[in-house]
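I opened a new notebook page for this protein.

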Amino acid sequence: MPEVVQLRSAGVAAIFDVPPSGSPRLLHWGADPGELDESGLAAIAATADPPVLNSSLDRPRRFALLPTEAEGWSGSPGLAGHLAGTNTTPRFSLTSYDLDTAALVVRLADATTGLELTLSYRLDRYGVLTANAEVHRASGDGLYDLAELRLLLPLPERASEILDLTGKWCRERSPQRTPVRDGAHRRAVRRGRTGHDAALLTVVGTPGFGFRSGEVWAAHVAWSGDQEYVVERLPEGAGANSSILGGGELLRAGEIRLAAGDTYRSPDLVFVWSADGLDGLSERLHSHVRAFAAHPSSPRPLVLNTWEAVYFDHDLDRLTALAERAAQIGVERFVLDDGWFAGRRGDHAGLGDWWVDPDVWPKGLGPLVDRVHALGMQFGLWVEPEMVNLDSDLVREHPSWLLAPEAGTPVPWRNQYVLDLANPEASAYLLERLDALVTEYRIDFLKWDHNRDLHEAVSNGGPGVHRQTKALYALLDELIARHPALEIESCASGGARVDLGILQRTHRVWASDCNDPVERQSIQRWTGLLLPPELVGGHVGPATAHTTHRTTDLSFRLATALFGHAGLEWDLTSCTAEELETLKAWTSLYRELRPLLHGGTTVRADVLDSETLLSGVVAPDRTEAVYTWARLGTSGAAQSGRITFPGLDPAQVYQVRVRTELGLPKLHEIAEPTWYTDGITIPGAILTTLGLPMPTLAPAQAAVLHLTKASERR
């Protein structure tokens with residue numbers, strides 16, 4: 001008889017059928033049916049098989065943990081490969097398994113290929129299911145070419161609508177929806193990095209699911225290289241279920257070739273279920289990410305980055321004045337961006353030569369660093385270690401270190417090319433230079449950039465993306481091991497490397513190169529689907545955004561940047577006295593609200609008008625919350641009506657007030673609702689069920705609403 005086992009946590013259950021031989025399968029992933037005795041588990045197993053269909057297999061179809069044609073599965077295989085064109089249809093059977101309260105590990109083997117496969121599933125205390133696969137070539141001659149390896153889970157028929165994200169430079173994380181249809185919805189990434197158009201999460205749910213409603217299942221590939229997401233439905237279903245969800249690393253031809261004794265380990269696939277819509281997914285994922293060893297434990301310092309202040313025009317006196325002005329308004333981390341290293345007077349030269357430019361900095365960076373530290377701020381530095389310009393001493397001395405085919409370099413991108421990190425000499429050089437810079441200048445923070453896709457990524461004559469990604473992780477891990485207090489930002493021409501692989505070893509992401517708050521409202525909202533606010537860098541730029549040329553009010557820029565790891569990217573020496581006073585008040589408000597913003601639960605209201613957004617963070621005990629009510633553009637409706645506030649405790653009574661430190665938003669009405677002007681004490685039950693009539697803001701405006709506990713409801 002098969003053994004039915006279950007993992008249970010935080011209202012989630014994963015129930016597996018583990019037969020004495022043959023292929024294990026997942027019987028259920030989703031809502032926890034409760035503690036089941038043997039008869040209950042047996043009942044699930046007894047009802048797991050679908051009918052035998054016409055013109056079909058002569059037995060019920062089963063969807064295995066490793067689905068292949070051997071079980072009659074005609075969709076995307078869990079594993080595909082070959083031995084010199086042979087042994088293309090392995091038949092894996094169970095050899096052993098281990099089970100504890102949080103994890104199941106199953107081991108399978110195929111005699112003809114000599115492959116041993118280990119599948120691991122761990123359900124954490126937040127209800128997040130992390131899965132990975134390891135393929136070991138135990139024996140055999142020749143090389144086994146592993147072409148595809150996916151982790152796939154079945155979904156019920158009611159999971160019938162897909163949401164994932166796409167985007168471009170300065171417009172990352174744009175949502176898109178489609179019905180689940182017969183065939184495959186496949187998102188393949190061949191960029192060598194996660195990409196501006198990354199899916200981020202692939203979510204499948206009940207029709208019309210939103211932030212606060214619907215049952216949803218989601219997958220995330222925790223990997224920073226090529227990757228694939230797939231949702232697939234066949235007319236015959238997936239066992240007793242309807243469709244499948246999953247993905248893995250996208251492998252190039254010949255990229256993984258296993259000789260006897262070799263092992264390939266897949267990236268982690270992070271699977272999440274929620275009965276409470278997208279916010280339910282985010283709550284689980286944010287808790288999961290906050291448990292990472294690399295997750296920052298100290299308050300997130302308010303940043304000033306110099307890029308939009310000075311660009312490549314580095315001058316000690318100018319930058320010192322900028323640092324002094326930053327310290328006066330409450331900045332806590334000063335980051336020197338691109339332009340400090342040898343030959344870097346523009347983007348055409350210098351990448352790879354990680355030495356301070358003696359012409360621009362005749363005394364090195366020491367005078368600036370010393371002044372920044374003396375002002376009580378941390379010092380950060382921009383680097384782009386994976387990239388080189390052809391016009392650099394490094395490439396002139398080591399042209400073989402390029403990640404490129406023998407036929408020549410790929411098409412340039414921002415005048416730059418890629419350094420082959422899988423070359424031990426190249427990685428050793430980078431580690432030595434970064435280690436030396438961090439040590440000499442007591443650097444607290446690195447803004448680690450990555451400004452191009454990897455095209456024709458050939459390393460040592462073969463496909464190089466997998467090796468490049470692993471080498472990047474090794475470089476980051478070793479640098480952090482040498483400097484445990486160092487923090488690193490994952491920046492990739494904005495938000496093109498946002499994933500839970502890179503965030504196992506970095507401390508925040510740069511969500512986008514666009515600081516225009518109209519664009520940023522959406523970018524940050526959807527980045528928050530995966531990441532908590534403290535990991536998402538958001539900066540206030542000058543009035544006219546250099547990426548969109550749109551001009552917006554300071555209050556809107558401040559309100560938008562507040563809901564993340566906040567910072568500035570602005571020449572403060574050009575600000576008026578009034579602007580500086582407002583900025584100082586904003587930095588004080590950020591520090592006041594920082595524990596709430598970076599430790600609470602992210603919530604987003606389902607507002608029908610796409611031009612208005614209500615988002616917020618609620619304290620874990622629900623005694624405090626802060627929301628932003630934002631308007632991006634005009635609407636057909638003259639007023640928004642009552643809008644409910646998500647996440648609050650109906651049993652509490654709240655004091656609601658508008659925080660005015662940033663300046664009040666402009667209104668598109670004669671008079672605002674009385675509560676907006678005077679504040680109001682109101683039961684949580686009213687806020688969560690009836691809501692408040694919201695002011696009609698002018699376009700590109702936002703109000704920050706702060707709710708605190710007034711008293712226990714009597």
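**Entry 1: helix α2**

I looked up α2 and found it mostly covered, with eleven of its 14 residues buried. Buried means under 20% relative accessible area, exposed means over 50%, and partly exposed lies in between (1.4 Å probe, protein chains only). The model is predicted, so I noted the limits: local features need pLDDT of at least 70, side-chain atom pairs count only at pLDDT 80 or more, and totals for chains, interfaces and linings use all residues. Residues are numbered from 1 along each chain as its sequence is written, and side-chain values use heavy atoms, with hydrogens and water left out.

I also noted how elements are named: helices (H or I, at least four residues) and strands (E, at least two) are DSSP runs, numbered from the N terminus. Among the buried residues of α2 are G277, L278, D279 and G280. H286, H288 and V289 are also on that list.

Next I checked the length of α2. The expected span is 1.5 Å times one less than the number of residues. For the 14 residues of α2 that should give 20 Å, and the end C-alpha atoms are 20 Å apart, which agrees.

I started with D279, since it sits in α2. D279 forms a salt bridge with R604, and the closest N and O atoms are 2.9 Å apart. A salt bridge is a side-chain nitrogen of Lys or Arg within 4 Å of a carboxyl oxygen of Asp or Glu. R604 is in strand β33 (residues 601–604), so I was looking at a link between distant parts of the chain, 325 residues apart. R604 counts as buried at 1% relative accessibility, and D279 counts as buried at 3%.

How many salt bridges does the structure hold? I found 51.

I then picked E519 and R171, whose side chains meet at 3.0 Å, N to O. E519 is in helix α9 (residues 517–527), while R171 is in the loop between β11 (161–166) and β12 (174–179). They are 348 residues apart. Is each one buried or partly exposed? E519 is buried, with a relative accessible area of 17%. R171 is partly exposed, at 28%.

My next pair was R193 and D453, with the closest N and O atoms 2.8 Å apart. R193 lies in the loop between β13 (183–189) and β14 (202–205), and D453 in the loop between β26 (445–448) and β27 (458–459), so the pair ties together parts that are 260 residues apart in sequence. Both R193 and D453 are buried.

I also found a network of salt bridges that links D17, R25, D49 and R62.

**Entry 2: strand β17**

Eight of the nine residues of β17 (residues 241–249) are buried, so the strand is largely enclosed by the rest of the structure. Which strands pair with β17? Strand β10 (residues 151–155) does, in the antiparallel sense over five bridges. Strand β16 (residues 227–238) also pairs in the antiparallel sense, over eight bridges. Two strands pair if DSSP finds at least two bridges between them.

I wrote down the facing residues. L153 stands opposite L245 in β17, and E232 stands opposite I244. The hairpin of β16 and β17 has two residues between the strands, and G239 there takes a positive phi near 65 degrees.
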